[in-house]
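Me: I have a model open and want to learn how to read its features. Can we start with the pockets?

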Amino acid sequence: MKIYVNAKATRDGNGSKKTPYKLINSAAKVAMPGDEIIVFPGIYHENVNPMNSGTRDQRIIYKSVEPLKAVITGAEEANNWKRYQGGVWVTYINNSLFGSYNPYTTYVMGDWYMGSVNKHTGAVYMNDIQFYETSSLNECINAKIYDKSWNPKNSVFKWYTEQNKDTNTTIIYANFQDKDPNKEKVEINVRREAFWPQKTGVNYITVSGFNINKAATTWAPPASYQDGMIGPHWSKGWIIEDCDISHSRCAGISLGKYRDPENDQYFTYKHVKSPTQMERDAVCRGQYHGWLKEKIGHHIIRRCNIHDCEQDGIVGRQGAVFSVIEDNHIHHINNMQELAGAEIAGIKLHAAIDVIIRRNRFDHTTMGLWCDWEAQGTRITQNLFDHNYAPNGTAPRLNGAMTSQDIWIEVSHGPTLIDNNLLLSKNSLKIPTQGLAIVHNLILGSFTLVGEGTDYPGKGPIQPRFTPYHIPHRTEVAGFQTILHGDNRFYNNIFIQKWPATNPSPEENEIVGTAVFDDYPTYEEWYKPFKKIEGKAAQGNDMVELQSAQFEHLPIWAKGNVYFNGAQAWKKETHNIVNNKDKIEVKLIENDTHVLIKTNLYDFLGNFEDGIINTDILGKAFEPEQRFEMPNGDDITFDEDYFGNHRGLSTMPGPFASIENLNNALWNN
């Protein structure tokens with residue numbers, strides 16, 4: 001059945017084409033499996049709350065008649081401003097508007113949040129420019145440029161809020177500079193979400209073609225409830241496609257996590273257990289809350305434009321398992337630099353088990369992609385990462401802010417596969433982890449936190465961070481172990497030292513290439529202590545003698561890589577090219593329609609080739625003893641490049657199968 005919604009209808013109807021509903025929520029209350037909700041252009045000021053599940057064969061579909069013309073917003077227009085002083089205007093809002101959730105008394109806070117404690121979940125916008133919150137009215141009046149911002153020219157637009165308890169009123173002051181807010185489109189956040197089921201287990205929903213914006217979302221840490229402007233709220237089988245998702249105070253899309261009152265923001269309010277331990281609890285308690293392959297995840301996020309959110313474009317702890325995130329443009333995330341903490345990225349996923357992240361573009365985010373814990377069976381392929389670092393002249397980031405890089409894989413046991421990507425930012429990979437396969441990438445930035453960043457520091461003995469690994473292609477926990485580092489494979493990559501290297505330390509390493517693993521063993525070196533009892537039954541003293549070897553760094557494999565402009569190779573690598581003589585240029589060219597790459601790289605590559613890489617060559621990740629394979633267990637043969645072109649019998653390194661591919665657009669805007 002088709003159910004019709006039109007915000008511009010003369011009066012509310014019954015959902016028929018002739019007399020449509022005026023609110024999407026009216027349709028959401030009655031839609032049943034197989035129904036399609038047809039939404040006409042207009043602005044829908046509501047939080048859509050789907051009540052019923054679809055099924056695998058009969059989804060419930062919400063569809064915008066004209067792409068992006070149906071706007072679902074968590075904001076309301078504010079057009080009753082009075083001039084206060086100079087460019088500062090003031091408005092008074094009765095708190096009855098907000099109901100039980102007032103964004104102007106609710107602060108951004110929680111576990112792993114390390115930023116200012118005076119930022120609210122509310123916000124002020126003028127013509128889609130988000131204003132910067134101040135902690136005093138004087139700061140709002142003075143409107144100084146915020147030099148940490150990645151877009152400082154907009155940072156002179158300020159706002160400040162306070163409460164009048166006598167009149168039950170929220171007062172908002174805003175500095176509009178030389179603009180008259182009553183003549184511009186000015187909005188304020190009102191609702192916490194925009195498309196969010198209030199109960200869990202609402203499965204098989206499709207949301208297609210909407211503009212979704214401006215919600216007062218809360219901070220989304222990994223051991224606590226994670227809301228987003230739109231998301232499935234601990235369900236299965238959602239599709240979010242062809243949407244424009246922007247201006248969430250925290251997360252745009254949330255694919256995580258169930259609400260667990262006993263573990264919700266535990267460290268923030270009770271303090272006595274470390275937030276890392278609460279993450280372990282969240283994993284183990286997940287089964288109690290239905291975290292099973294049969295019940296959770298399997299979502300598809302595709303062809304969306306996700307931008308201008310201040311925590312994450314997409315966030316998820318556990319709820320993203322077995323999902324596909326493809327063909328999205330994720331950009332300008334956390335550019336205001338008002339928020340800081342350990343949960344900020346274009347995409348931030350915990351437990352990305354069997355998640356495929358492919359053909360996306362990540363740019364102008366403070367961090368592109370962050371897979372934290374349990375990146376087991378995760379495949380990151382055919383993505384473009386660029387400009388994920390602060391613009392020149394930007395002041396140092398807030399205390400508690402994370403570093404910038406294209407990809408961060410943290411304290412996971414793998415197998416994690418990174419193939420056929422373009423990693424074009426100053427830091428390409430932050431990898432305090434193990435169990436990686438890095439194949440056929442173009443890498444212009446460095447590897448950081450190699451062999452570091454996996455212990456929990458503090459006074460007294462250092463505490464290793466034991467993290468879980470799982471039954472292959474399942475959510476059930478197989479065990480916990482600390483990170484030994486290594487167990488990484490590097491095949492057929494191109495490394496170019498794009499930026500000069502000045503600091504050789506592992507944490508801040510700026511030297512591009514695999515030489516940062518020089519003190520790691522080959523497989524034969526690593527296995528030598530164990531080989532002497534190969535085929536024999538272990539004796540009691542063997543357990544003691546081998547204990548130290550069992551906690552050494554794991555081996556490295558490297559072959560078929562090329563290194564230019566001072567990029568350095570692992571000293572034990574064979575069959576590679578190291579060329580420090582010729583100057584390689586790589587430039588990204590972008591216009592209104594597409595993005596191209598311009599390089600002289602292939603003038604100096606010659607006829608260097610290597611064999612086709614496959615699952616058998618990559619072997620198994622050490623701790624879970626799982627192969628680098630597809631989620632269904634099929635082998636992978638790396639005979640397709642960044643564009644999906646076929647490689648043939650042998651292949652040159654990097655993400656392109658042939659030089660001719662350089663004429664193709666890397667991304668179409």
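Reply: Start with the strands around the largest pocket. Strand 28 (369-372), strand 31 (407-410), strand 34 (427-430), strand 37 (446-448) and strand 38 (455-456) each give at least two residues to its lining. Strands (E, at least two residues) and helices (H or I, at least four) are DSSP runs, numbered from the N terminus. This is a predicted model: local features need pLDDT of at least 70, side-chain atom pairs count only at pLDDT 80 or more, and totals for chains, interfaces and linings use all residues. Residues are numbered from 1 along each chain as its sequence is written, and side-chain values use heavy atoms, with hydrogens and water left out.

Me: How is a pocket defined, and what volume does the largest pocket have?

Reply: The search uses a 1 Å grid over the protein atoms alone and a 1.4 Å probe; a pocket is an open set of points with protein on both sides within 12 Å along at least five of seven lines, and lining residues have an atom within 4 Å of a point. Grid points are joined across faces, edges and corners, and a volume is the space filled by probe spheres set on the points. Here the largest pocket holds about 1,100 Å³. Of its 47 lining residues, Met402, Thr403, Gln405, Lys430 and Glu508 are the closest to the centre.

Me: Which classes make up the lining of the largest pocket?

Reply: Ala, Val, Leu, Ile, Met, Phe, Trp, Tyr, Cys and Pro count as nonpolar, Asp, Glu, Lys and Arg as charged, and the others, Gly among them, as polar. The lining divides into 19 nonpolar, 15 polar and 13 charged residues.

Me: What about the second largest pocket?

Reply: Its volume is about 350 Å³. The second largest pocket has 19 lining residues, with Lys119, Glu133, Glu139, Tyr146 and Lys158 nearest its centre. Five are nonpolar, six polar and eight charged. Strand 11 (132-133) and helix 2 (137-142) each supply at least two of the lining residues.

Me: Now aromatics. At what angle do the rings of phenylalanine 447 and phenylalanine 495 meet?

Reply: Rings of Phe, Tyr and Trp (its six-membered ring) pair if their centres lie within 6.5 Å; planes under 30 degrees apart are stacked, over 60 edge-to-face, the rest tilted. The structure holds 32 such pairs. For phenylalanine 447 and phenylalanine 495 the centres are 5.9 Å apart and the planes at 85°, so the pair is edge-to-face. Phenylalanine 447 sits in strand 37 and phenylalanine 495 in strand 43 (residues 494-496), 48 residues apart.

Me: Is phenylalanine 495 buried or exposed?

Reply: Buried means under 20% relative accessible area, exposed over 50%, partly exposed in between (1.4 Å probe, protein chains only). Phenylalanine 495 has 0% relative accessibility, so it counts as buried. Phenylalanine 495 also pairs with tyrosine 563, stacked, at 5.1 Å centre to centre and 10° between the planes. Tyrosine 563 lies in strand 45 (residues 562-564), so this pair ties together parts 68 residues apart in sequence. One aromatic cluster takes in Phe447, Phe490, Phe495, Phe517, Tyr520 and Tyr563.
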